[in-house]
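Please consider the following model with its sequence at hand.

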Amino acid sequence: MRLVFSGGWIGEGGLYQARIKRVSFLKSLHELSPESFPCFLMLSYHLASEVFSLPIKASSLPSVVLVEIESFKAIDPREKSVSLTLLESSISDEGFKEKVNEVKKLIEEGTVYQINLTNRFTFSLRGDPFDLFLEFYTRQPVDYAFFLDLEDFYIISGSMELFLRREGKRLRSEPIKGTASKREELKKSEKDRAENLMITDVVRNDLGMVSKCVEVKELFGIRKYKTLYHMYSAVECETTASLKDILFATFPPASVTGAPKRKAVEVIDSLEPHCRDLYCGCAGFLKSEEDFTLSVLIRTALGDGKTLSYYAGCGIVWDSDPQKELREVYLKMKAFFSTST
């Protein structure tokens with residue numbers, strides 16, 4: 001077993017390798033009760049079924065992974081050759097555009113206001129999965145990257161989205177909504193601002209479940225990464241709630257579901273032929289129950305041997321253009337796999 005993570009989790013730079021003490025696999029959020037710190041936590045998107053009492057697609061992968069860490073040390077990235085061959089996608093390009101139009105119809109009918117629609121791309125890998133993680137991280141360094149090999153499967157994540165950070169009583173979330181290849185394009189996009197505002201409001205509502213006073217600290221901020229720009233907002237509150245209660249109030253992340261959240265989860269399951277598994281769940285570093293950082297599991301791949309799946313999606317609103325949404329999906333793949341689409 002192996003865990004390597006970027007220094008953003010602990011307020012540092014570079015990459016770190018953990019010495020693993022023990023790994024626990026749990027079936028439910030109710031079972032979550034960390035006893036040893038620090039530890040690394042992963043929650044599957046499928047836990048949305050438990051949170052909302054909804055039947056959604058599941059696989060044999062665990063719902064909760066808890067990795068107890070004995071120690072960790074800085075490492076120097078190595079460079080080795082790896083290559084990916086795209087085998088298939090769960091939704092064709094034309095099929096994806098048709099589903100965008102289906103979502104727009106549901107929005108027109110008032111069923112939902114926004115849906116995060118995703119696709120799954122399956123690859124064959126030539127080389128070591130860890131080298132693939134290093135190449136991915138080099139192409140687009142982010143604060144919340146990690147590689148976790150659990151022998152039966154591995155996960156590679158290059159997430160830049162903060163789901164939850166708690167420091168004492170202070171709790172912060174930074175939902176991302178809005179993506180473009182140019183800053184000015186994103187800055188001027190009314191569609192992206194509307195999309196961002198809706199999800200920020202959902203996050204504000206979620207945090208309101210564990211706090212009486214919730215504040216929007218930033219709105220429509222823009223961050224630059226190597227291959228794209230993202231729009232984000234920041235929401236904060238003070239809370240004395242337990243980790244478990246916070247997760248039941250906020251999971252799954254609003255940015256990867258939609259609005260209203262419960263209905264969005266239901267619609268997503270009917271539209272997407274694939275199981276999201278750990279993708280669109282969350283992962284993070286827990287120093288204690290009052291000091292933790294969790295990312296949204298976007299820019300994430302799940303693998304078994306030499307076959308792996310990478311997922312990418314986009315937020316659909318009433319004025320979404322299907323072709324532009326498809327381009328956004330491929331833009332989000334750029335750091336992981338180059339394509340001419």
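**Buried residues, rings and spaces**

Glutamate 195 is buried, with a relative accessible area of 2%; buried means under 20% relative accessible area, exposed over 50% and partly exposed in between, for a 1.4 Å probe and protein chains only. The model is a predicted one, in which local features need pLDDT of at least 70 and side-chain atom pairs count only at pLDDT 80 or more, while totals for chains, interfaces and linings use all residues. Residues are numbered from 1 along each chain as its sequence is written, and side-chain values use heavy atoms, with hydrogens and water left out.

Glutamate 195 belongs to helix H5 (residues 190–207); helices (H or I, at least four residues) and strands (E, at least two) are DSSP runs, numbered from the N terminus. Its side chain is joined to that of lysine 191 by a polar contact of 2.8 Å. Such a contact is a pair of N or O atoms within 3.5 Å; within protein, one must be able to donate a hydrogen and the other to accept it, and residues adjacent in sequence count only if both atoms are side-chain atoms. Serine 233, in strand S13 (residues 229–238), is also buried, with a relative accessible area of 0%. A polar atom of the serine 233 side chain lies 3.2 Å from the backbone nitrogen of phenylalanine 220.

The aromatic rings come next. The whole structure contains 21 aromatic pairs, where rings of Phe, Tyr and Trp (its six-membered ring) pair if their centres lie within 6.5 Å, and planes under 30 degrees apart count as stacked, over 60 as edge-to-face and the rest as tilted. Phenylalanine 136 and phenylalanine 336 form an edge-to-face pair, with 5.2 Å from centre to centre and 85 degrees between the planes. Because phenylalanine 136 lies in helix H3 (residues 129–139) and phenylalanine 336 in the segment after H8, the pair ties together parts that are 200 residues apart in sequence. Both phenylalanine 136 and phenylalanine 336 are buried.

Where is empty space left? Rolling a probe the size of a water molecule over the atoms shows this. The search finds 3 cavities of 30 Å³ or more. On a 1 Å grid over the protein atoms alone, a cavity is a set of points where a 1.4 Å probe fits but cannot get out, and a pocket is an open set with protein on both sides within 12 Å along at least five of seven lines; lining residues have an atom within 4 Å of a point. Grid points are joined across faces, edges and corners, and a volume is the space filled by probe spheres set on the points.

The largest cavity has a volume of about 160 Å³. Of its 20 lining residues, the closest to the centre are Asn116, Lys177, Ile298, Arg299 and Lys332. S18 gives the most to this lining, with 5 residues.
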